[in-house]
Amino acid sequence: MNVPIVRKVLEKNDAAAAQNRERFDRLGLTCVDLLGGAGSGKTALLEAVLPILTRNLRVAVLEGDIATTRDAERIAALGVPVVQLTTEGGCHLTAPHVQRALGELTLDELDLLIIENVGNPICPANFALGEHARVALLSVAEGDDKPAKYPLLFRGADLVVISKCDLLPHVDFNLAAAKTDLRRVNAAAPLLETSARCGTGIDRLAAWLAHLVGSALRIDAAGSAVRTNRK
């Protein structure tokens with residue numbers, strides 16, 4: 001009797017992710033994968049933090065979307081290099097997707113590459129892209145039960161951003177319960193409360209990303225980014 005062998009379905013993706021990571025490391029380029037459900041506020045968060053980061057860092061964005069270029073157009077309006085990755089119905093980006101898009105950017109002139117993944121709290125977390133860090137978003141408009149329902153999204157995150165906090169007085173969201181569930185699935189990742197609309201927590205997010213790049217960027221009292229150690 002022949003016993004079928006089930007090959008690792010992620011094998012091809014993992015190989016491409018390793019190639020991407022090797023390329024980033026060789027260039028001294030930091031790559032971040034930004035994940036969250038549809039409507040969690042990923043693009044709005046980028047619109048808020050990119051003007052701070054780009055004062056002193058060279059940043060580009062890969063935009064994942066199922067069908068449109070609308071989010072990429074919002075990033076392009078900031079003057080930030082952006083490449084659209086349209087999955088034509090696919091619910092997540094893969095490392096080969098990213099590999100193909102890298103040819104559209106001048107990578108050796110960048111410090112930071114941010115990949116905004118397709119809005120989906122499930123599938124993107126299963127696929128490594130070659131990133132150095134993952135940032136997972138939880139919007140207060142989504143509900144406080146999401147960390148328990150979609151633990152993989154938050155378990156592998158290096159930073160968890162609780163977004164749209166300006167809506168807290170208007171939605172039924174138990175912040176303490178959400179934090180407790182987040183700590184159950186990931187006790188190590190910092191939790192950051194933000195509002196792209198009000199600017200809450202955006203300077204701290206910029207500082208976290210800048211620290212990741214290794215630029216020792218700090219935010220001064222006026223909210224401006226100051227590089228203290230140019231690489």
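In what follows, Ala, Val, Leu, Ile, Met, Phe, Trp, Tyr, Cys and Pro count as nonpolar, Asp, Glu, Lys and Arg as charged, and the others, Gly among them, as polar. The structure is a predicted model, in which local features need pLDDT of at least 70 and side-chain atom pairs count only at pLDDT 80 or more, while totals for chains, interfaces and linings use all residues. Residues are numbered from 1 along each chain as its sequence is written, and side-chain values use heavy atoms, with hydrogens and water left out.

The secondary structure of the chain comprises eight helices and nine strands, taken as DSSP runs numbered from the N terminus (helices H or I, at least four residues; strands E, at least two). Of the 231 residues of the chain, 47% count as buried, that is, under 20% relative accessible area with a 1.4 Å probe and protein chains only. Among contacts (heavy atoms within 4.5 Å) with a separation of 6 or more, 69% are between residues 24 or more positions apart.

The largest pocket has a volume of about 220 Å³; a pocket is an open set of points, on a 1 Å grid over the protein atoms alone, with protein on both sides within 12 Å along at least five of seven lines, whereas a cavity is a set where a 1.4 Å probe fits but cannot get out, and lining residues have an atom within 4 Å of a point. Grid points are joined across faces, edges and corners, and a volume is the space filled by probe spheres set on the points. Of the 16 residues lining the largest pocket, Ala38, Gly39, Lys42, Asp71 and Glu116 are the closest to its centre. Helix 2 (42-53), strand 2 (59-65) and helix 3 (70-76) each give two or more residues to this lining, with the largest share, three residues, coming from helix 2. By class, the lining of the pocket has four nonpolar, seven polar and five charged residues.

One cavity of 30 Å³ or more is found in a search of the whole structure, and the largest cavity has a volume of about 60 Å³. The lining of the largest cavity has nine nonpolar, no polar and no charged residues, including Val32, Ile114 and Val135. Strand 1 (30-35), helix 2 and helix 8 (202-213) each supply at least two residues of this lining, to which helix 2 gives the most, with three residues.

Helix 2 itself is mostly covered, since nine of its twelve residues are buried, among them Lys42, Leu45, Leu46 and Val49.

Note on methods. Buried < 20%, exposed > 50% of the residue type's maximum accessible area, 1.4 Å probe, protein only.
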